[in-house]
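The following note sets out points on the fold, the packing and the backbone of the model. Please read the points alongside the sequence and the coordinates.

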Amino acid sequence: FIAPLQSMMSALLKDPNAPYPQGPVALSSEDTVEDLVKEVVSLQVKHVEEVTVKFDLGSDLSVAFLRGALSFPVVSDELSKLQSDGREGVMEEAQSLWASAMEERSWYSAEQGFVLPGSRAQLLVLSKSLAGVEEGALSANF
């Protein structure tokens, strides 16, 4: 889902490194969370679960754009700022760019509408060793 947003924002801002959603997305790079867990001696990855989902955003372009782009504060805040700074028609321009980017990736069809396919989430189940307790004797899961 990031690629259409990056494409849209890069075109709008004329910046190849335009802002895109952050937060949990910033942790999506390979082994980022695992590397963070390694920094905390008492934490261990017990097991990893992966979930793949398809997000149906609908056939109505304005609704799909709201769900697939404007729901990310980094994107909506930047577009609102551009609008406040006097850039007329920026929302319509952004919506058109986003729709084109979705179509280029075949993430839109008249039959299915706008779809974000194969969004993968990785869930890490961690355990924490308690101080003074033998490993394996007792652990806290979260």
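Helices (H or I, at least four residues) and strands (E, at least two) are DSSP runs, numbered from the N terminus. By this assignment, Gly113 is found in strand E3.

1. Basis of the note. This is a predicted model, in which local features need pLDDT of at least 70 and side-chain atom pairs count only at pLDDT 80 or more, while totals for chains, interfaces and linings use all residues. Residues are numbered from 1 along each chain as its sequence is written, and side-chain values use heavy atoms, with hydrogens and water left out.

2. Overall fold. The chain contains five helices and four strands, arranged along the sequence as α-α-β-α-α-α-β-β-β. Of its 142 residues, 27% are buried, where buried means under 20% relative accessible area, exposed over 50% and partly exposed in between (1.4 Å probe, protein chains only). A contact means heavy atoms within 4.5 Å. Among contacts in the chain with a separation of 6 or more, 67% join residues 24 or more positions apart.

3. Nonpolar core. A nonpolar core is a set of buried Ala, Val, Leu, Ile, Met, Phe, Trp, Tyr and Cys residues joined through side-chain atoms within 4.5 Å. The largest one here has 21 residues, and Met8, Leu79 and Trp98 have the most contacts inside it. At least two residues of this core come from each of helix H1 (2-13), H3, helix H4 (73-84), H5 and strand E3 (113-129). H5 supplies the largest share, six residues. In soluble globular proteins, nonpolar side chains tend to be buried together.

4. Aromatic pairs. Rings of Phe, Tyr and Trp (its six-membered ring) pair if their centres lie within 6.5 Å; planes under 30 degrees apart count as stacked, over 60 as edge-to-face and the rest as tilted. Three such pairs are found in a search of the whole structure. In one of them, the ring centres of Phe65 and Trp98 are 5.8 Å apart and the planes lie at 65°, so this pair is edge-to-face. Because Phe65 belongs to helix H3 (residues 61-70) and Trp98 to helix H5 (residues 90-104), the pair ties together parts that are 33 residues apart in sequence. Phe65 is buried at 2% relative accessible area, and Trp98 is buried at 1%. Phe65, Trp98, Tyr108 and Phe114 form one aromatic cluster.

5. Surroundings of Trp98. Leaving aside residues up to four places away in sequence, Trp98 touches Pro4, Leu5, Met8, Leu57, Leu61, Ala64, Phe65, Gly68, Ala69 and Phe114.

6. Packing of H1 on H4. Two packed helices are described by the angle between their axes and the distance between the axes. Axes are lines fitted to C-alpha atoms, for helices over the stretch in contact, and angles run from 0 to 180 degrees between N-to-C directions. The axes of H1 and H4 come within 12 Å and cross at roughly 20°. H1 and H4 are therefore roughly parallel; angles under 35 degrees count as roughly parallel, over 145 as roughly antiparallel, 65 to 115 as roughly perpendicular and the rest as oblique. Leu5, Met8, Met9, Leu12 and Leu13 of H1 make the contact with Val75, Glu78, Leu79 and Leu82 of H4. Leu13 is partly exposed, at 25% relative accessible area, and its C-alpha atom is separated by 9.2 Å from that of Leu82, 69 residues apart along the chain.

7. Packing of H1 on H5. Here the axes come within 8 Å and cross at roughly 135°, which makes H1 oblique to H5. On the H1 side the contact involves Pro4, Leu5, Ser7, Met8, Ala11 and Leu12, and on the H5 side Val90, Glu93, Ala94, Leu97, Trp98, Ala101 and Met102.

8. Backbone at two loop residues. Most residues other than glycine have a negative phi, and most peptide bonds are trans. Lys14, in the loop between H1 and helix H2 (32-38), has a positive phi near 55° and is exposed at 69% relative accessibility. Ser106, in the loop between H5 and strand E2 (108-109), has a positive phi of about 60° and is exposed, with a relative accessible area of 61%.

9. Gly113. At 1% relative accessibility, Gly113 is buried. Apart from residues up to four places away in sequence, Gly113 touches Gly58, Ser59, Trp107 and Tyr108.
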